[in-house]
Amino acid sequence: MLVDIGFIVAGLVLLFVGGDALVRGAVALAVRLRMPPLLIGLTIVGFGTSMPELLVSVQAAFAGVPDIAVGNVVGSNTANILLILGLAMLIAPMPTRIAGLGRDLSVMLASAFALAAVAWAGIMSAPIGLAFFAALVAYLAYSAVTGRSSAPDLAPDAVGSPVWKTLAIAGAGLAALIFGADFLVDGASRIARVMGLSDAVIGLTVVAVGTSLPELATSVASALRRQPEIAIGNVVGSNIFNILGILGITAMLSPIPVAAEIAAFDIPVMLVVSLGIAVLLLSLRRLPRVAGLALLVAYGWYCAVLLA
């Protein structure tokens, strides 16, 4: 038990140290590459923090448990909005007037509806997976071409830093996030089993939230550093990558049947949540703390329904 507690403590330390380093490196990189922080948050931060979901989904596909692969992505996308963005908003109100946000939210919503259509068909085949992945590549290319702009005045101390140094800081932060999430999930899972909890409950709670811990740590660090572009871009980018990248790659490796329960409940919840946050981000000039509290309450309801 003490060893497991040590794993949890080490995981938490790595998560928050890594989240802070990743945000600092990402902001400095935005300055050096003359790109807006939102684009860096969507790509390096958003996709990088989705690595645990990718590993879990690919392993699940090879192990013949497709429900974990699909459930991991859908559950993570819901948690990214309700839990992670909700907590970040609770820490600090977020301005929403960010260039390019409407475009990226449109891609996130289109990805969610595309997954819903595939789920209603019952299976995600290799050609569909290839189409999803190709859409991700096209989106990244378009974002890179249209997203370049004058360097924002966000980290003047980083302007003189070489690119390799900012990449090293961001890479070290990302590595710390991945290892920290792994330590925390392992330690918490063993303690949960000692307490007599079933594998199903552990999977729905510890593992599902555990794979989203890098996003949580990064968004909290972004909120504390008053970098709303990184926090919002992290969530939007992760949700896009989870569907188009993770499920696309997984389906190319092994076709994924979609369980009827996930198609009937979890995916519709993800769609409603995605539409709701898009409306909030596009209609309000600033996301207040009360909205973050509402998102957290909604996530508590969702978890209660799953565990009932």
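The model is predicted: local features need pLDDT of at least 70, side-chain atom pairs count only at pLDDT 80 or more, and totals for chains, interfaces and linings use all residues. Residues are numbered from 1 along each chain as its sequence is written, and side-chain values use heavy atoms, without hydrogens and water.

Start with the core. The largest nonpolar core holds 62 residues. Such a core joins buried Ala, Val, Leu, Ile, Met, Phe, Trp, Tyr and Cys through side-chain atoms within 4.5 Å. Buried means under 20% relative accessible area, exposed over 50%, partly exposed in between (1.4 Å probe, protein chains only). Met94, Ile232, Ile240, Ile243 and Ile267 have the most contacts inside this core. Among the helices that each supply at least two of its residues are H5 (101-121) and H10 (228-253). Helices here are DSSP runs (H or I, at least four residues), numbered from the N terminus.

Now take Ile232. Beyond its neighbours within four places in sequence, Ile232 touches Leu85, Met94, Pro95, Ile98, Leu101 and Leu281. Contact means heavy atoms within 4.5 Å.

Leu101 and Ile232 also belong to the meeting of H5 and H10.

The rule asks for a side-chain nitrogen of Lys or Arg within 4 Å of a carboxyl oxygen of Asp or Glu. The count comes to one salt bridge. Asp104 is buried, at 0% relative accessible area, whereas Arg103 is partly exposed, at 26%.
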